[in-house]
Amino acid sequence: MKTLALTNQDTMPMFGLGTWKSPPGEVYQAVKTALAIGYKHIDCAPIYRNEPEVGQAIQESLSSGIVKREEIWITSKLWNNAHQSPEVIPALKQTLKDLQLDYLDLCLIHWPIALKKGVLFPEKASDYLTLTEVPLIETWSAMIAASEQGLCKHIGVSNFSQQKLADLIAQTSYKPEVNQVESHPYLQQNDLLAYCQSQGIVFTAYSPLGSSDRAQVFKKADEPSLLTHPLILDIAAKHSLTPAQILIAWGINRNTVVIPKSVNPERIAENLAASEVNLTSEDMQAIATLELNYRYVDGSFWEIPGSPYTVAELWD
Ligand code: A2P
């Protein structure tokens with residue numbers, strides 16, 4: 001398994017199983033299958049509403065000796081409704097309880113967006129807290145405290161723009177170790193990737209296959225398909241691989257961590273095999289021409305009437 005070094009030289013597996021959109025009834029088997037066939041990294045979050053099932057699968061895989069705790073990397077995230085300092089550690093403890101773990105390898109601030117305690121998704125403007133009311137540095141300082149208490153070995157952020165990373169870095173001596181953002185050939189985020197690399201921040205790509213299983217209400221009618229692009233199909237045919245394998249290999253070959261979601265055993269295995277594929281520089285350059293600056297997860301769901309958050313400011 002390829003890895004990337006973090007600030008303290010600990011290494012993070014460059015390939016992992018995504019669990020966003022994995023139904024509770026299916027994610028248990030998906031995680032068990034993944035760990036049994038050699039996955040070393042599972043990406044979780046409490047807002048995926050399936051951490052107890054993920055935790056059961058991890059626990060059973062540990063107790064049956066299929067994997068050892070120190071061999072696997074578990075990421076989870078802090079939901080937006082626990083950004084206020086007193087909420088952070090209790091939220092992370094709940095995640096640890098659900099995942100049946102003593103520590104996380106990595107914990108991320110899920111979004112640079114704050115909601116009131118108890119609100120899962122905002123329905124009205126008053127469900128929000130502004131970043132003036134709860135500055136990201138307040139949340140980040142509590143994340144540092146959580147890592148000092150041993151709840152997580154590494155801490156980072158998700159869905160942070162370069163501007164938000166730079167603002168945070170200017171206010172702290174503990175840089176985020178990871179930024180997890182959407183990335184694939186239609187949203188390569190080359191500037192953000194270069195910035196992260198210049199700061200020693202690992203860049204993790206979510207939705208590497210285009211997340212076509214997102215709920216219909218979050219999808220646009222005319223979304224471009226990644227898995228059926230003719231160039232991806234051509235390169236896949238040339239290597240006798242599948243389009244998904246090309247997309248995964250592309251992400252890893254450009255030194256990003258890639259976390260495709262699947263609950264299907266054949267595709268779980270297919271995706272793992274892709275993590276060892278080396279593409280040629282011609283393949284990489286050809287795929288780089290597909291840039292559309294297209295976000296599948298564009299954050300417009302945070303822009304309800306009266307919301308203090310706008311898409312333009314989110315990705316500033
Ligand atoms: P499934 O879970 O049934 O395998 P993303 O990681 O970008 O969020 O994409 C997840 C979507 O891609 C899911 O619909 C998932 O379906 C599908 N998927 C995962 N692996 C593959 C694969 N190897 N080939 C085709 N589709 C895949």
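Numbering starts at 1 along each chain as its sequence is written, and side-chain values use heavy atoms, with hydrogens and water left out. Because the model is predicted, local features need pLDDT of at least 70 and side-chain atom pairs count only at pLDDT 80 or more, while totals for chains, interfaces and linings use all residues.

**Ring pairs**

Rings of Phe, Tyr and Trp (its six-membered ring) pair if their centres lie within 6.5 Å; planes under 30 degrees apart are stacked, over 60 edge-to-face, and the rest tilted. By this rule there are 12 aromatic pairs.

Select Tyr 128 and Tyr 309. Their ring centres are 5.4 Å apart and the planes meet at 45°, so this pair is tilted. Tyr 128 belongs to strand β8 (residues 128-129), and Tyr 309 to the loop between α10 (281-288) and α11 (311-314), 181 residues apart. Helices (H or I, at least four residues) and strands (E, at least two) are DSSP runs, numbered from the N terminus. Tyr 128 is buried at 4% relative accessibility, and Tyr 309 is buried at 9%. Buried means under 20% relative accessible area, exposed over 50%, and partly exposed in between (1.4 Å probe, protein chains only).

Next, select Trp 140 and Tyr 174. The ring centres are 6.1 Å apart with planes at 85°, so this pair is edge-to-face. Trp 140 is in helix α4 (residues 136-148), and Tyr 174 is in the loop between α5 (162-170) and β10 (178-182), 34 residues apart. Trp 140 is buried, with a relative accessible area of 0%, whereas Tyr 174 is partly exposed at 25%.

**Charges over a ring**

Go to Tyr 103. The charged end of Arg 69 sits over its ring, 4.0 Å from the centre. Lys 153 also lies over the face of Tyr 103, at 4.6 Å from the ring centre. The criterion is NZ of Lys or CZ of Arg within 6 Å of the ring centre and within 35 degrees of the ring normal.

**A buried aspartate**

Select Asp 283 in helix α10. Asp 283 is buried, with a relative accessible area of 2%. Leaving aside residues up to four places away in sequence, Asp 283 touches Ile 235, Lys 238 and His 239; contact means heavy atoms within 4.5 Å.

**Pockets**

Rolling a probe the size of a water molecule over the atoms shows where empty space is left. On a 1 Å grid over the protein atoms alone, a cavity is a set of points where a 1.4 Å probe fits but cannot get out, and a pocket is an open set with protein on both sides within 12 Å along at least five of seven lines; lining residues have an atom within 4 Å of a point. Grid points are joined across faces, edges and corners, and a volume is the space filled by probe spheres set on the points.

Select Trp 20, Lys 21, Ser 211, Asp 213 and Arg 214, which lie nearest the centre of the largest pocket among its 46 lining residues. This pocket holds about 960 Å³ of space. Its lining has 23 nonpolar, 15 polar and 8 charged residues. Here Ala, Val, Leu, Ile, Met, Phe, Trp, Tyr, Cys and Pro count as nonpolar, Asp, Glu, Lys and Arg as charged, and the others, Gly among them, as polar. The largest share of this lining, 3 residues, comes from α9.

Move to Pro 46, Trp 79, Asn 81, Ala 91 and Gln 94, nearest the centre of the second largest pocket, which is lined by 19 residues. About 300 Å³ of space lies there. Helices α2 (51-63) and α3 (85-99) each give two or more residues to the lining, and α3 has the largest share with 6.

**The cavity**

To display its lining, select Ser 183, His 184, Pro 185, Ala 205, Pro 208, Leu 247, Trp 250, Gly 251, Thr 256 and Val 258. The lining has 6 nonpolar, 4 polar and no charged residues.

**Positive phi**

Finish with Gln 9 and Gln 100. Gln 9 has a positive phi of about 75° although it is not a glycine, and is exposed at 58% relative accessible area. Gln 100 has a positive phi near 55° and is partly exposed at 40%.
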